[in-house]
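This briefing covers helix packing, the nonpolar core and some backbone features of one model. Please read it alongside the sequence and the coordinates.

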Amino acid sequence: MNVEQMYQEIILDHYQEKHNSGLREPFGAEVEQVNPTCGDEITLRVNLEGDKIADVSYDSEGCSISQASTSVMTDLVIGKPIEEAMSLYEYFREMMESQGEMAPDEDKLEDGIAFIGVAQFPGRVKCAMLGWSALRDAIARALSAQEKENK
């Protein structure tokens with residue numbers, strides 16, 4: 001099996017068995033996002049405990065790329081400090097914008113490296129970024145809500 005086939009298999013596995021799928025409580029923020037280009041939709045919840053991401057859950061409809069990418073993202077960020085999760089967001093975004101030219105760090109992205117092939121197709125980058133963008137927005141909302149509570 002070549003690397004490209006292995007990456008396709010990882011994406012298919014995450015699409016068929018979506019990790020952390022299904023909206024859960026408690027949560028500090030919920031966001032909804034749509035990719036108007038292809039119709040992918042996601043509702044994502046994040047629960048923060050201090051400066052850590054305690055949980056991420058979601059409900060989504062769309063292509064295998066958007067759903068698999070969200071599944072991988074949840075595996076990568078749950079239990080991590082917010083700062084580290086945002087660093088992973090930036091690293092994943094950089095990889096997706098590289099048009100497949102970047103050599104991603106497997107230790108950092110784990111199964112997320114499978115999406116380097118997707119990065120070669122600009123029309124699919126938004127699909128892969130949908131869950132990640134929802135996470136970024138949900139964290140911002142949760143932090144804002146925490147700030148208001150602490151005033």
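This is a predicted model: local features need pLDDT of at least 70, side-chain atom pairs count only at pLDDT 80 or more; totals for chains, interfaces and linings use all residues.

Just after H2, Gly79 takes a positive phi of about 90°.

**Backbone features**

- Asn20 also has a positive phi, near 65°, and is a residue other than glycine. Asn20 sits in the loop between H1 and E1. Its relative accessible area is 23%, so Asn20 is partly exposed, the class between 20% and 50%.
- Glu110 is not a glycine either, yet its phi is positive at about 50°. The loop between H4 and H5 holds Glu110. Glu110 counts as partly exposed because its relative accessibility is 43%.
- The peptide bond joining Glu25 and Pro26 is cis, with omega about 0°. Pro26 belongs to the loop between H1 and E1.
- Is Pro26 buried or exposed? Pro26 counts as exposed because its relative accessibility is 55%, and the cut-off for exposed is over 50%.
- Pro26 and Arg141 are 115 residues apart along the chain, and their C-alpha atoms are separated by 15 Å.

**Helix H2**

- H2 has 14 residues, which at 1.5 Å a residue should span 20 Å; the C-alpha atoms at its ends are 20 Å apart, so the two values agree.
- H2 is mostly covered, since twelve of its 14 residues are buried. The buried residues are Ile65, Ser66, Gln67, Ala68, Ser69, Thr70, Ser71, Val72, Met73, Thr74, Leu76 and Val77.
- Which elements do the buried residues of H2 pack against? They pack against H1, E2, E3, H3, H4 and H5.

- The axes of H1 and H2 come within 8 Å and cross at roughly 85°. H1 and H2 are therefore roughly perpendicular to each other, as the range for that class is 65 to 115 degrees.
- On the H1 side, Ile11, His14 and Tyr15 meet Ser64, Gln67, Ala68, Ser71, Val72 and Asp75 of H2.
- The axes of H2 and H5 come within 8 Å and cross at roughly 40°. The crossing of H2 and H5 is right-handed.
- In H2, the residues meeting H5 are Ile65, Ser66, Ser69, Thr70, Met73, Leu76 and Val77. Their partners in H5 are Arg124, Cys127, Ala128, Leu130, Gly131, Trp132 and Leu135.

- The 15 residues of H3 should span 21 Å at 1.5 Å a residue, which agrees with the 21 Å between its end C-alpha atoms.
- Which residues of H3 are buried? They are Ile82, Ala85, Leu88, Tyr89, Tyr91, Phe92, Met95 and Met96. The cover over these buried residues includes E2, E3, H2, H4 (106-109) and H5.
- The axes of H3 and H5 come within 11 Å and cross at roughly 155°. The angle is over 145 degrees, so H3 and H5 are roughly antiparallel to each other. H3 passes H5 in a left-handed crossing.
- H3 makes this contact through Ile82, Met86, Leu88, Tyr89, Phe92, Arg93 and Met96. H5 makes it through Val125, Ala128, Met129, Trp132, Ser133, Leu135, Arg136, Ile139 and Leu143.

**Nonpolar core**

- The largest nonpolar core has 46 residues, of which Leu44, Val46, Ile53, Val77, Phe92, Met96 and Phe115 touch the most other members.
- The elements giving two or more residues to this core are the helices H1 (3-16), H2 (64-77), H3 (82-96) and H5 (122-149), together with the strands E1 (29-35), E2 (40-49) and E3 (52-61).
- Which element gives the most to this core? H5 does, with eleven residues.
- Leaving aside neighbours within four places in sequence, Leu44 is in contact with Ala29, Glu30, Val31, Val56, Ser57, Tyr58, Met73, Gly131, Ala134, Leu135 and Ala138.

Terms used:
Residues are numbered from 1 along each chain as its sequence is written. Side-chain values use heavy atoms; hydrogens and water are left out. A nonpolar core is a set of buried Ala, Val, Leu, Ile, Met, Phe, Trp, Tyr and Cys residues joined through side-chain atoms within 4.5 Å. Buried means under 20% relative accessible area, exposed over 50%, partly exposed in between (1.4 Å probe, protein chains only). Helices (H or I, at least four residues) and strands (E, at least two) are DSSP runs, numbered from the N terminus. Contact means heavy atoms within 4.5 Å. The expected span of a helix is 1.5 Å times one less than its number of residues. Axes are lines fitted to C-alpha atoms, for helices over the stretch in contact, and angles run from 0 to 180 degrees between N-to-C directions. Angles under 35 degrees count as roughly parallel, over 145 as roughly antiparallel, 65 to 115 as roughly perpendicular and the rest as oblique. A crossing is left-handed if the near helix is turned anticlockwise from the far one by less than a right angle, and right-handed if clockwise.
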